[in-house]
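Dear colleague,

Here is the structure I promised to hand over, and below it I set out what was found in it. Please read the notes with the coordinates open beside you.

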Amino acid sequence: MKTNKLNTEDSIINKKFAEDDKKVISYPKMEVENYPNGESNIKRNLGVEFQKGKIANISINRSAIERRCANYGVRRSIKKQQQAAWLLKAITLIDLTTLSGDDTEARVRRLCSKAKQPLNPNLKKDLAVESLEISVAAVCVYHDMLNAANKALKDSEVKLAAVSTGFPAGLSPLPLRMQEIEYSVSSGADEIDIVISRRHVLEGNWKALYKEVKDFREKCGTALMKTILATGELGNLSNIAKASQVCMMAGADFIKTSTGKEPVNATLPASLVMARMIRNFYEETGCRIGFKAAGGISDSKTALVYMTMIKEELGRRWLEPDLFRFGASSLLGDIERQLDHFSSGYYSASYRHPLT
Amino acid sequence: MSLLKSFEQLDYSQALESSTEAQKWLEKHGRRFGQFINGKFDNRKNAELIASNNPSNGELLAHIEVANSSQLDAAVATARKAQPKWQALGGHGRAKVLYALARLLQKHTRLTAVLETLDNGKPIRESRDIDIPLVIRHFYHHAGWAQLQEQEFSSYEPIGVAAQIVPWNFPLLMLAWKIAPAMAMGNTIVFKSAEQTPITAMFFAHLCEQAGVPPGVVNIVNGAGDVGASLAAHKGVDKVAFTGSTAVGRSIRQSTAGQGKKLTLELGGKSAFVVFEDADLDAAVEGLVDSIWFNQGEVCCAGSRLLVQAKVADKLHSKIKKRIQKLRLGLPLDKSTDLGSLVSQTQYQRVDQMVQQGLQQGGELFQAYDGQSEGNYYPPSLITEIDASHPLAQEEIFGPVLVSMTFRTQTEAVALANNSRYGLAASVWSENINRAMDVAPKLKAGVIWINCHNQFDASCGFGGVRESGFGREGGKEGLFEYLKPKFLTPSKSLKPVTAKQQPSSNETIDRTLKFYIGGKQVRPDGGHSIATYKADGSLASLVGSGNRKDIRNAVSAAIKANSWSNQNGHVRAQIIYFLAENLALRESEWIKRLQDLCGITKKEAKTEFNASLSRLFSYAAWSDKYDGAVHNAPYRGVTMALPEAIGVLAQIAPEEKPLLSTISLIAPAIAMGNRVVLIPSQRYAGVALELVQTLETSDIPPGVINIVTGNKSELADQLAGHAEVDGIWCWSDDETVAKVETTSAADLKRLWVHQEGDRDWLDPQQGEGLEFLRNATEVKNIWTPYGD
């Protein structure tokens with residue numbers, strides 16, 4: 001019976017979208033908003049009208065994408081001091097994440113303390129970067145862990161992010177998904193990582209996707225919205241590109257590759273496609289949309305390839321936490337070891353660095 | 001710079017590849033190299049020297065001794081001496097040597113890559129990731145062909161001594177492309193590298209010693225163009241393979257004319273890069289980086305001519321401009337460098353001058369200049385606002401300069417792409433497979449890349465059409481360039497007939513044998529006739545004496561019949577079968593005619609007639625069966641090797657077995673979709689003309705076969721000089737062959753030339769089959785990567 005009910009609800013929603021399709025949707029004019037806390041100088045994406053024409057002609061050539069991806073790592077060298085600098089930057093781009101069924105408050109507290117102080121002070125001293133305030137960008141948890149995290153992060157610059165909207169599958173009832181955002185925002189989340197309904201993409205129901213994301217965005221209010229496409233479940237690169245475009249039109253602040261729970265998570269080809277869509281959107285609207293790569297990026301070398309890709313495709317400006325994030329849990333540990341190596345000349349052991 | 005500053009800037013590192021090992025290697029050899037002859041270095045104290053410099057900083061790498069003529073003779077002689085034993089070693093024996101070379105190269109990849117970059121100025125990333133891996137792959141792949149030679153090419157044998165001359169843009173890769181297939185098939189080699197970039201060839205010579213290449217099999221000489229010219233023209237050489245400029249290719253064609261040498265020429269290009277509105281534009285931009293900004297644009301197949309559909313032109317241009325500002329122009333040994341140094345100051349000046357002079361005739365230049373400002377660094381450049389007639393749109397610049405023009409429709413795109421003297425390569429960018437697959441075969445080029453550019457592999461043939469040269473390198477199609485049929489025998493000539501003046505007989509009505517042009521029988525333009533005689537010396541018939549205008553008419557008729565080339569094989573087969581059927585009706589007439597003309601027995605005449613019918617059947621059969629290949633290149637995609645008709649094919653027929661040899665020429669040509677201008681045997685000129693009635697009743701479209709009789713030598717020369725003739729088959733005396741070779745150098749036609757009597761037409765092994773089909777076609781390789 002439950003299933004039936006959901007189906008009915010869905011069909012009502014679909015009918016509503018079908019009606020909306022007939023009207024021209026125009027976004028309420030909003031003033032340019034600044035980011036919460038005001039440290040970002042970028043213009044926030046207010047979304048634009050749904051334009052079918054913007055997605056109809058998108059076609060992505062996979063082989064060309066792969067040839068390009070094969071080049072970032074070998075055409076650009078990041079060594080020695082540059083490598084240390086890039087890795088320090090990488091730390092500031094991390095959404096330190098725990099999204100496990102066995103998360104507890106204690107576990108989250110440990111994560112938060114690492115988030116606030118990702119680098120051991122001795123290492124900072126050895127690297128002569130004591131003046132740098134280095135922390136990760138955000139801590140990313142399930143809603144139920146927000147309170148614990150909020151307490152632990154008090155008085156720190158680290159943002160608090162919650163996954164939401166029926167994460168990871170996004171298949172809970174729509175009103176509940178909307179409500180979940182409200183809950184998390186009122187519990188102190190600065191950032192909401194929403195998941196999109198993959199079926200809208202797979203069914204080519206772009207208008208429905210647009211509406212969904214737009215509604216989510218409204219619920220987010222001043223909280224930053226990261227839109228998880230779950231690229232591993234979208235079938236092909238052209239769908240990834242189209243979904244990126246629709247989410248940006250609908251007002252996403254960030255587009256994000258994956259939940260970390262799909263069989264295939266962040267890949268460089270999918271990320272390149274998303275980065276190029278971000279570039280197109282920027283060129284057309286002047287709005288900079290952020291990008292978050294999540295799932296499977298666990299070593300420094302991979303992180304550097306992603307950062308190179310972003311620098312080549314979008315430019316230096318994008319390598320800042322207001323425009324780029326890694327959703328990762330074990331990446332930080334590897335970066336610490338690499339930095340330790342840069343400082344001492346020898347490889348360190350993971351047990352010598354505090355656990356996340 | 002402090003770490004804090006780096007943290008702000010997030011720059012890339014300058015990561016210089018170490019050249020210590022390479023410099024040590026050069027030191028070890030005293031920074032001086034002589035000729036590599038008979039497995040040893042031949043150094044001469046008082047040799048003329050050429051300095052080989054690092055083009056990025058002018059530093060001397062080594063001095064190269066210029067080969068003198070006695071050294072050249074010695075190299076050719078030692079190659080000749082070594083050849084029979086090398087051939088006799090067998091496929092497996094040669095495979096082991098090639099395999100050893102591949103392995104050795106693999107063990108020295110870093111050193112080889114650094115030497116190449118030092119010598120040429122190309123970015124280390126390219127020599128390391130592209131040139132050297134392709135070199136190694138080429139030797140592995142051809143070790144395999146050596147192993148399979150006896151199975152795959154049993155009726156062929158090596159040509160003998162190959163002279164190979166390469167340019168400076170891909171020194172070692174071009175060496176591999178030349179040496180590997182020649183060695184594999186059992187030829188011996190005299191190789192000359194470019195004087196700007198001789199170092200890696202010297203390194204290769206040392207590897208030959210280690211790999212157990214028998215002395216004399218590979219000989220390497222040094223010097224500038226004059227040494228190359230002497231080598232190509234050397235009497236002791238059987239085969240010349242040249243990669244370089246069209247001008248030099250042309251002079252090699254001329255200087256080797258009449259020497260009976262087989263030639264492969266891989267020349268210049270102005271390859272089209274065609275972007276349709278439905279292309280993935282970002283992919284196309286990266287394609288341009290792989291294309292015109294690869295190897296500083298010093299690539300013969302660079303997509304230097306961008307043709308973009310007008311609708312998306314502005315968008316694409318803006319993307320290109322943004323992209324090239326991100327290209328890093330800098331020290332070749334820096335691993336983050338995208339474009340290194342041009343090969344020499346001369347080359348820099350040449351490119352710069354061409355661009356400056358070109359711009360005086362219009363055009364808008366956009367250059368991104370990041371990094372090096374001194375030295376031979378030419379920035380990536382885009383020129384817009386020009387049209388097809390602009391010199392920069394027509395001439396090869398051979399630098400990192402892209403010219404862009406727009407088109408409106410697919411038809412216009414094809415027309416613009418083909419509006420060039422060159423025809424090396426082209427790429428098509430569209431996400432619509434219908435469009436891409438429709439356009440690719442229409443582009444006049446030897447290699448077509450769909451949604452990619454500058455993809456190479458040992459398993460796929462490479463080479464051009466038109467003035468980009470002929471012959472293929474790589475793939476099975478490339479091996480035939482180093483093989484000849486086993487049966488070829490020295491020529492024998494027919495005994496001349498003494499003409500007797502006999503009164504014309506009253507028994508039959510006087511017959512007029514006219515030319516056959518555009519499906520009509522026409523009189524000679526000049527109004528002259530020549531007599532042909534029977535074996536007994538009596539008059540056989542008067543035939544027209546053709547001239548320049550008759551040739552012109554015949555060629556334009558052939559051009560008009562271009563729909564024949566697009567006709568499918570099944571339809572062509574039906575027509576050739578029908579021709580056989582109609583010919584069979586005239587058996588008794590032909591037997592009598594052949595007896596009278598050739599002075600042969602009835603049985604012999606019947607044999608020739610039946611063989612002619614059988615031959616027609618053979619080519620009718622082949623029409624829909626000679627179907628190319630899908631090459632097994634290591635990428636996700638298909639490379640199709642399509643045999644395409646050459647186009648307008650002129651055929652200068654041999655003298656003997658007049659009916660059979662005529663059929664043996666025209667049948668394979670039309671079966672493959674060519675349109676033919678036939679110059680029949682001079683002595684038996686009437687034979688081909690007697691076929692006209694049969695041709696007319698066999699549904700052969702007008703213009704597909706055209707026949708002009710007359711002085712073979714003169715008409716052959718006219719055809720060789722006619723720019724709309726795409727290829728020539730010629731059986732004639734040495735003098736005529738030489739003339740055809742010389743005259744055709746003007747537009748570098750593909751030639752298949754023979755001395756009279758080189759084969760027994762009655763023997764199907766010699767008179768028909770794959771050798772004919774291969775020469776009636778040119779292989780086009782179409783690369784199609786796929787994936788969604």
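Helices here are DSSP runs of H or I with at least four residues, numbered from the N terminus, and by that reading Asn582(B) lies in α20 of chain B, a helix that covers residues 569-584. Please keep in mind throughout that this is a predicted model.

Once neighbours within four places in sequence are left aside, Asn582(B) is in contact with Thr694(B), Thr697(B) and Ser698(B). The C-alpha atoms of Asn582(B) and Leu613(B) are 9.9 Å apart in space, while the two residues are 31 residues apart in sequence.

A second residue of chain B that I looked at is Thr256(B), which sits in the loop between α10 (246-255) and β11 (262-266) of chain B. Thr256(B) counts as buried, with a relative accessibility of 1%, and a polar atom of its side chain lies 2.8 Å from the backbone oxygen of Ile252(B). If residues up to four places away in sequence are not counted, Thr256(B) touches Ala232(B), Val240(B), Lys261(B), Leu263(B) and Glu741(B).

Turning to chain A as a whole, the model gives it 14 helices and eight strands, and 58% of its 356 residues count as buried. Among the contacts in chain A with a separation of 6 or more, 77% are between residues 24 or more positions apart. The accessible surface of chain A comes to about 14,800 Å², and carbon and sulfur atoms account for 50% of that surface.

The interface between the two chains took up much of my attention. In it, 44 residues of chain A are in contact with 40 residues of chain B, and the area buried between chain A and chain B is about 3,800 Å², with 45% of it coming from carbon and sulfur atoms. Three arginines, Arg67(A), Arg75(A) and Arg76(A), supply 18% of the area that chain A buries against chain B, which is more than any other three residues supply.

As for polar interactions across the interface of chain A and chain B, the rule finds eight salt bridges and 29 residue pairs in polar contact, with both residues of each pair at pLDDT 80 or more. On the side of chain A that touches chain B, at least two residues come from each of α3 (62-75), α4 (80-92), α12 (268-285) and α13 (300-314), and the largest share, nine residues, is supplied by α3(A). Sorted by class, that side of chain A has 16 nonpolar, 13 polar and 15 charged residues. One salt bridge joins the side chains of Asp11(B) and Lys311(A), at 3.8 Å from N to O. There is also a network of salt bridges that links residues of both chains, including Arg75(A), Arg76(A), Arg276(A) and Glu312(A) together with Asp282(B), Glu286(B) and Arg323(B).

In chain A, Glu336(A) forms a salt bridge with Lys114(A), with the closest N and O atoms 2.8 Å apart. Glu336(A) belongs to helix α14 (residues 331-344) and Lys114(A) to helix α5 (residues 105-116), so the pair ties together parts of chain A that are 222 residues apart in sequence. Both Glu336(A) and Lys114(A) are buried.

In chain B, the side chains of Lys712(B) and Glu756(B) meet in a salt bridge at 2.9 Å, N to O. This pair links distant parts of the chain, 44 residues apart, with Lys712(B) in helix α26 (residues 712-721) and Glu756(B) in the loop between β31 (750-755) and α28 (764-767). Lys712(B) and Glu756(B) are both buried. The salt bridge between the side chains of Asp438(B) and Lys442(B), at 3.1 Å from N to O, has another setting, since Asp438(B) counts as partly exposed at 33% relative accessibility and Lys442(B) counts as partly exposed at 41%.

With best regards

Definitions and conventions. Residues are numbered from 1 along each chain as its sequence is written. Chains are lettered from A and ligands numbered from 1 in the order in which they are written. This is a predicted model: local features need pLDDT of at least 70, side-chain atom pairs count only at pLDDT 80 or more; totals for chains, interfaces and linings use all residues. Side-chain values use heavy atoms; hydrogens and water are left out. Contact means heavy atoms within 4.5 Å. Buried area is the accessible area (1.4 Å probe) that two parts lose on being put together, summed over both. A salt bridge is a side-chain nitrogen of Lys or Arg within 4 Å of a carboxyl oxygen of Asp or Glu. A polar contact is a pair of N or O atoms within 3.5 Å; within protein, one must be able to donate a hydrogen and the other to accept it, and residues adjacent in sequence count only if both atoms are side-chain atoms. Ala, Val, Leu, Ile, Met, Phe, Trp, Tyr, Cys and Pro count as nonpolar, Asp, Glu, Lys and Arg as charged, and the others, Gly among them, as polar. Buried means under 20% relative accessible area, exposed over 50%, partly exposed in between (1.4 Å probe, protein chains only). Accessible areas come from the Shrake-Rupley method with a 1.4 Å probe; for residues, only the protein chains shown count as cover.
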